[in-house]
Amino acid sequence: MNKRRGVLEEIKEKGTEDKKWKIITEVIVRYLEIYDIDNGTNHLEIFKEVYLTPKQYTYKEISERNYISKNTLKRYITRYDSLAVKVLGKLNNDEGL
């Protein structure tokens with residue numbers, strides 16, 4: 001797959017059974033559900049294809065299926081990584097309490 005390793009990829013490689021991975025994906029999925037409803041977008045579908053499906057799709061396959069360019073897909077993935085960083089920050093703050 002032609003992609004840079006981002007925050008979500010690194011966490012996913014540590015193991016999808018990891019507690020942090022489950023929490024992060026649940027929070028992002030809920031956020032994207034609401035965002036898609038409010039804005040008429042399909043971010044949740046793209047997020048699922050990139051990170052949650054067992055089959056590894058290429059950027060080309062995902063972008064063609066969702067009618068977006070590869071550059072747009074890369075921007076979306078950067079956005080998902082920044083969401084993951086925010087969720088991780090919140091998790092780390094809560095664990096310290």
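This is a predicted model: local features need pLDDT of at least 70, side-chain atom pairs count only at pLDDT 80 or more; totals for chains, interfaces and linings use all residues.

Q: OK, at what angle do α1 and α2 cross?

A: Roughly 135°, with the axes of α1 (residues 7-14) and α2 (residues 19-39) coming within 10 Å. That's why α1 and α2 count as oblique to each other. Helices here are DSSP runs (H or I, at least four residues), numbered from the N terminus. Axes are lines fitted to C-alpha atoms over the stretch in contact, and angles run from 0 to 180 degrees between N-to-C directions.

Q: Which residues make that contact?

A: Leu8, Ile11 and Lys12 from α1, against Trp21, Ile24 and Ile28 from α2; contact means heavy atoms within 4.5 Å. Five of the residues are nonpolar, none polar and one charged. Nonpolar covers Ala, Val, Leu, Ile, Met, Phe, Trp, Tyr, Cys and Pro, charged covers Asp, Glu, Lys and Arg, and the others, Gly among them, are polar.

Q: And how far apart are the axes of α1 and α3?

A: 11 Å, at an angle of about 45°, so α1 and α3 are oblique to each other. Leu8, Glu9 and Lys12 in α1 meet Phe47, Val50 and Tyr51 in α3.

Q: How many residues of α3 are buried?

A: Seven of the 10 in α3 (residues 43-52), including His43 and Glu49. Buried means under 20% relative accessible area, exposed over 50%, partly exposed in between (1.4 Å probe, protein chains only).

Q: New topic: which residues touch the most other members of the largest nonpolar core?

A: Leu8, Ile24 and Tyr80, out of 25 residues. Such a core is a set of buried Ala, Val, Leu, Ile, Met, Phe, Trp, Tyr and Cys residues joined through side-chain atoms within 4.5 Å. α5 gives the most to this core, with nine residues.

Q: What's Tyr80 in contact with, beyond four places in sequence?

A: Leu8, Ile28, Leu32, His43, Ile46, Phe47 and Tyr51.

Q: Last one: is Lys86 buried or exposed?

A: Exposed, because its relative accessibility is 61%. Lys86 lies in α5, and its C-alpha is 9.5 Å from that of Ile24, though they are 62 residues apart in sequence.

Terms used
Residues are numbered from 1 along each chain as its sequence is written. Side-chain values use heavy atoms; hydrogens and water are left out. Helices (H or I, at least four residues) and strands (E, at least two) are DSSP runs, numbered from the N terminus. Angles under 35 degrees count as roughly parallel, over 145 as roughly antiparallel, 65 to 115 as roughly perpendicular and the rest as oblique.
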